[in-house]
Amino acid sequence: MKSLWSDRDAEKFPGDLGLRIYTSQLLGRDPSLVLHGGGNTSVKMREQNLVGETEDILYVKGSGWDLETIAEPGFAPVRMPHLLKLAQLSALSDAQMVNELKTQVTRANAPVPSVEAILHAILPYKYVDHTHADAVIAVTNTAEGLQRIRDIYGDDVVVIPYVMPGFDLARLCAQKFASEKSDRTIGMVLMNHGIFSFGQTARESYERMISLVDRAEQYLQERRAWQIERSPDVPTQTNLRHTLAQLRYDVSQVAGFPVILTRHGDRASLDFVQRDDLEQISQQGPATPDHVIRTKRLPLIGRDVNAYAAAYKEYFAEHAATGKASVTMLDPAPRVLLDRELGMCAISRTAKDAKIVADIYQHTMEIIQRSTELGGYQALPASDIFAVEYWELEQAKLKKGGSHPEFTGEVVLITGAASGIGKACVASFLQRGAAVVGLDINPAIQTLHDRPDFRGIACDIADEDAIVATLEQAVQAFGGLDMLVLNAGIFPSGCRIDSLNTSTWQKVMRVNLDANLILLRECHPFLKLAPNGGRVVIIGSKNVPAPGPGAAAYSASKAALTQLMRVAALEWGSDRIRINSLHPNAVFDTGIWTDEVLRNRASHYGLSVEAYKTNNLLKVEVTSDRVAELAAEMCGSLFACTTAAQVPVDGGNERVV
């Protein structure tokens with residue numbers, strides 16, 4: 001492991017807090033040190049308050065902030081004298097501790113200080129860094145982990161036996177650090193938890209962390225326990241979409257709400273799940289207790305979700321009975337699934353959280369294999385894991401609850417998603433919490449959004465093989481499909497029937513009708529497995545009830561699609577799938593309506609551009625956003641009792657009315 005410190009970059013972060021931000025971001029860049037909000041950093045400073053008094057302040061990372069992107073607002077300024085007084089108490093509950101931390105911040109809008117704030121305060125160094133370095137955890141999580149850590153570091157670190165994060169850990173660290181530190185001490189190892197480094201400057205503390213972790217990596221390398229051998233080839237896994245969709249449905253039923261399930265069939269995941277000793281090494285517990293809230297205590301091996309749920313309930317009953325306070329059981333569904341064919345599947349309520357689960361378990365697999373090579377992986381006892389999973393602070397969050405966007409845990413596929421109504425639909429469904437798969441023939445769809453809950457796929461929907469391949473990608477990305485918005489279509493140049501050639505007619509039918517038949521047919525098995533019931537919205541046209549001259553192919557294709565929708569509503573109602581259509585008209589904020597085209601069309605009707613855009617009964621402009629909002633609403637609870645409806649979105653058209 002190498003230091004990333006740069007004098008030139010450091011100059012951009014003036015002051016003690018600025019350098020604290022800089023080195024925190026350096027640590028956060030390396031996922032082998034910290035993952036998704038893990039780790040912690042602090043700096044002790046002297047500041048003058050509004051009444052002229054000088055105060056000792058601990059700036060410590062606030063809850064909810066990630067070291068990789070942390071900025072000044074992410075640090076909570078806490079009064080040091082009170083923290084040191086708290087450290088002298090004989091007992092302090094976690095709830096009391098958090099309350100005390102909140103009352104001692106000097107900025108009203110500061111985040112809640114880390115639960116390790118007292119621990120950072122009692123360490124007599126200006127800068128303190130804390131990570132969950134993979135290499136250190138791989139060493140500590142072995143039967144002889146304590147002796148191995150002493151062999152690696154000697155007197156350079158103080159070693160602390162595992163204690164759950166919070167007040168008891170801070171008090172134990174204060175006692176052992178005071179009695180065991182030497183002139184050589186530059187760090188502290190918390191068994192099965194992580195490693196601390198300290199220094200009087202940001203650079204010193206940071207580079208000590210890098211040096212300490214590098215020593216653990218070197219130790220593993222010397223014992224041939226660092227480099228993990230990989231199989232040479234990654235098999236192409238296709239035709240898994242129906243298996244994954246059924247699996248996602250089963251998990252959702254056990255969880256009690258829709259989940260996102262992401263498949264990871266990379267070489268590292270497949271090698272791990274195909275190990276002969278998988279049932280032994282994967283069933284001992286997470287690499288660190290910090291990860292249990294995201295991943296649960298154990299992964300599911302295979303696909304028997306109900307058996308896993310039953311075992312989880314037994315685990316809960318056994319350990320909850322030994323506690324002093326009542327706790328509420330979390331849902332018994334797995335968060336990680338290991339399967340020889342599927343690889344590793346990460347499961348959570350949102351795509352963002354599923355990505356975090358996947359990232360954590362990918363590092364867990366590496367730690368487990370390195371520990372195994374070093375002498376045998378050994379996690380904490382189940383009782384310690386349970387204490388973290390059902391920590392009173394986490395239980396308080398559970399009881400407090402909180403609302404989720406309506407489509408949380410659900411997946412929608414939208415065609416023609418790179419522009420116009422389709423692009424607006426993507427934004428609307430994302431805002432409502434859905435994971436979105438956007439299809440478009442335009443490759444720009446692939447970079448429309450850079451976020452875990454969006455997958456843009458370039459696809460010609462007139463190509464049946466491409467549709468099937470796309471659905472495979474979509475289901476492997478999110479686990480299934482709950483909603484479908486059929487928006488893609490083409491509108492050829494105006495042409496009267498007596499001049500309409502066969503190729504134009506067939507092309508329009510192939511895109512506007514045939515492709516949608518294929519999509520409906522191929523998506524039906526997934527919509528049938530939607531935990532909340534499947535929903536389909538078809539973007540039709542005003543031309544269905546009121547066709548215009550010169551638009552025979554377009555009007556006929558949209559009318560046929562509408563009739564297809566009506567038949568599907570008849571056939572799929574018993575499958576809990578509802579299907580409705582919208583008929584927009586005069587939606588001008590799309591790519592085909594350039595300023596020049598608008599001026600020409602308005603002039604043709606003797607209208608100004610503004611009058612042309614609002615040429616309807618309500619005198620309103622129909623925009624892509626308004627159509628998209630209604631499309632999303634039709635997939636929501638408000639339309640739960642509606643199927644086969646045709647709703648105009650045209651501001652009122654005399655020919656339709």
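Predicted model: local features only at pLDDT ≥ 70, side-chain atom pairs only at ≥ 80, totals over all residues.
The lining of the second largest cavity is made up of 7 nonpolar and 2 polar residues, with no charged ones.

**The cavities**

The count comes to 2 cavities of 30 Å³ or more. Here they are side by side:

| Cavity | Space |
|---|---|
| Largest cavity | about 60 Å³ |
| Second largest cavity | about 40 Å³ |

The residues around the second largest cavity are Pro492, Ser493, Cys495, Leu500, Gly550, Ala551, Ala552, Ala553 and Tyr554. For the largest cavity, the lining includes Ser282, Gly285 and Pro286, the run from Thr295 to Pro299, and also Val336, Tyr361 and Thr364. Sorted by class, this lining of the largest cavity holds 5 nonpolar, 4 polar and 2 charged residues.

**Two helices side by side**

Now let us turn to a pair of helices. Helix 20 covers residues 502–528 and helix 21 covers residues 552–572; they pack at an angle of about 15°, and their axes are 8 Å apart. Angles under 35 degrees count as roughly parallel, so helix 20 and helix 21 are roughly parallel to each other. The crossing of helix 20 past helix 21 is right-handed.

Which residues make the contact? Helix 20 contributes Trp505, Val508, Met509, Asn512, Leu513, Asn516, Leu517, Leu520, His524 and Leu527, while helix 21 brings in Ala552, Ala553, Tyr554, Ala556, Ser557, Ala560, Leu561, Leu564 and Trp572. Among the residues of this contact, 15 are nonpolar, 4 are polar and none is charged.

Ala552, Ala553 and Tyr554 link the two topics: they belong to the helix contact and also line the second largest cavity.

Note on methods
Residues numbered from 1 in each chain as written. Heavy atoms only, no water. Axes fitted to C-alpha atoms, helices over the stretch in contact; angles between N-to-C directions. Helix = DSSP H or I, 4+ residues; strand = E, 2+ residues; numbered from the N terminus. Parallel < 35°, antiparallel > 145°, perpendicular 65-115°, else oblique. Left-handed = near helix turned anticlockwise from the far one by under 90°. Contact = heavy atoms within 4.5 Å. Nonpolar A, V, L, I, M, F, W, Y, C, P; charged D, E, K, R; others polar. 1 Å grid on protein atoms, 1.4 Å probe; cavity = no way out; pocket = protein on both sides within 12 Å on 5 of 7 lines; lining within 4 Å. Points joined across faces, edges and corners; volume = space filled by probe spheres on them.
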